[in-house]
Amino acid sequence: MLKLENVNTHYGKIQALHDISIDVHTGEIVTLIGANGAGKTTLMMTICGDPRASSGKIFFDGEEISSVNTPEIMRKGLAVVPEGRRVFSRLTVQENLHMGAYFRSNAEYEESLAHVLELFPRLEERISQRAGTMSGGEQQMLAIGRAMMSRPRMILLDEPSLGLAPIIIQQIFSIIEKLRDEGVTIFLVEQNANQALRIADRGYVMENGRVVLSDSGDALLTNPEVRKAYLGG
Amino acid sequence: MSETILYLIQQLINGLTIGSTYALIAIGYTMVYGIIGMINFAHGEVYMIGSYITFIVIAGLLGMGMVSLPLILFIALVISVLIASTYGWTIERVAYRPLRGTNRLIPLISAIGMSIFLQNYVVLSQGSRDIALPPMISGSWTFGDPNLFEVSFSYMQLFIWVATFITMLGLTLFISRSRMGRACRACSEDIGMTNLLGVDTNRVIAMTFIIGAALAAIAGLLLSLYYGVVNPFIGFMAGLKAFTAAVLGGIGSIPGAVLGGLILGVTEALTAAYFPSEYKDVVAFGLLILILLFRPSGLLGKPEVEKV
């Protein structure tokens, strides 16, 4: 469904991604793990076209999107839950969700809204509250809900567990599995490698802007090098 | 009521009248700043062009022998809003959009260039002298004691109050209820994220310029009828005042722009009333400096804090 071929990305003169080639198939949960600064977020944002890849090709559903601009890519059935959630803190929960369905019709919006609120009853309780007044976990739920409002076929999640209490992290991960069961393909960037690999079908490991390892989730979990570097021995 | 109080009431009426038109222009500055973080210094010229269009249309209609005042005002309003909006849209498209993503200083200089260009373009096409119109809306209510001081509230002033109130009500509804208004607010918080939701933010930005220009044109119509004269240089001072009002109220905040405009108008009127009127600009801009010293983000501006 998503395919990157030899993608390089630069910030000015600094090269952040080196020759990245990855594949995500329909219905999979694929995770990308790596240390801080390895280039995980850059990779995710390059898929969204911001920043643009300086060379290489990105395909979504067989269509090349490497030179398409960001809003157009996002209207092709891709949605993102970015690093740091980035909910609109001065907009209400409902308005945030509405923004997620900006290019959808009213009927589709109503339908998606009912679905998202069913998945996150907490958001329904807070529907007319400003997003900025909610807790981190609630904001993360809102960010995921907002991404789902456009009815994407694939969701990119960037560190959804960052800074959340363990019990909330459990909830977020079970929601991610639920989404996959509904047929949404998941590409998950995580530092919380243990949890991520547990639910993932496959995983990629990044170091210094390069993909250094790829295998099934279970195999990576038991790989001694991965255990040593990312899972605390 | 004593003479001093009646005199004060008169100054407040005058100040709120001017202030409400400053507010209309200031909204254009504040909306653009809120979304792309840029000061559109050509905005005052859009106001000036709106005033000219009003004059040209009214003179034309009077020349054609039209007598119905509401109809004349309505046609002048529609045409000047349409043309000024086209200017606003074009300015963004030609002078700012190609420079987006560059150093912040570059579009600012482009804006100043645009302002000089528009001013001189009007000088060349319309001449640099004042153009005057006969008063369109005359008459007033007077109250107070004829022996002490008579307060006059003219129909023209009432017209300005009502027109700005309706305009702001419309804008508030648009911003808080409509789809595009919601997108404007989302953009002013996080334009990158709005892009990531598949919203064409270029269209949102263009819309902001169109709305700002339309409000400036309405202010142009109201103020040019109030003063009865226009020249190509009125945009500079009005722009500077409205910009001050926007900063005073907290740039980026629409209620702030309105409050800033009203405060500035009243301050000017009171200064001109009790001191030599040359001091009114000194006091207006002095007030700006004071408020910025003690409240750098303006009266209603949001300090840059975020809950993590």
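Tutor: Two strands pair if DSSP finds at least two bridges between them, and the elements themselves are DSSP runs numbered from the N terminus, where a helix needs at least four residues in H or I and a strand at least two in E. The model is predicted, and local features need pLDDT of at least 70 while side-chain atom pairs count only at pLDDT 80 or more, although totals for chains, interfaces and linings use all residues. Residues are numbered from 1 along each chain as its sequence is written, with chains lettered from A and ligands numbered from 1 in the order in which they are written.

Student: In what order do the four strands of the open sheet in chain A lie?

Tutor: Strands of a sheet pair through backbone hydrogen bonds, either parallel or antiparallel. Here the order is β2-β1-β4-β5 in chain A, and the pairing is antiparallel; the edges are formed by β2 (14-24) and β5 (63-64) of chain A, each of which pairs on one side only. Between β1 (residues 2-11) of chain A and β2(A) there are seven bridges, and His10(A) has Gln15(A) of β2(A) as its bridge partner.

Student: Which helix packs on that sheet, and which strands does this helix touch?

Tutor: Two residues are in contact if their C-beta atoms, placed from the backbone, lie within 7 Å. Helix α1 (residues 40-47) of chain A touches β1, β2 and β4 (55-60) of chain A, and its direction makes about 70 degrees with that of β2(A), given that axes are lines fitted to C-alpha atoms, for helices over the stretch in contact, and that angles run from 0 to 180 degrees between N-to-C directions.

Student: How many residues does each chain bring to the contact between chains A and B?

Tutor: Chain A brings 21 residues and chain B brings 15. On the side of chain A, α2 (70-74) and α3 (93-100) each supply at least two residues, and α3(A) gives the most, with four.

Student: Which residues of helix α5 in chain B are buried?

Tutor: A residue is buried if 20 or more other C-beta atoms, placed from the backbone, lie within 10 Å of its own, exposed if 12 or fewer do, and partly exposed in between. In α5(B), which runs over residues 155-177, the buried residues are Gln157(B), Ile160(B) and Thr164(B); what covers them includes α1 (3-36), β3 (149-154) and α8 (201-227) of chain B. Across chain B, 45% of the 308 residues count as buried.

Notes. Expected span 1.5 Å × (residues − 1).
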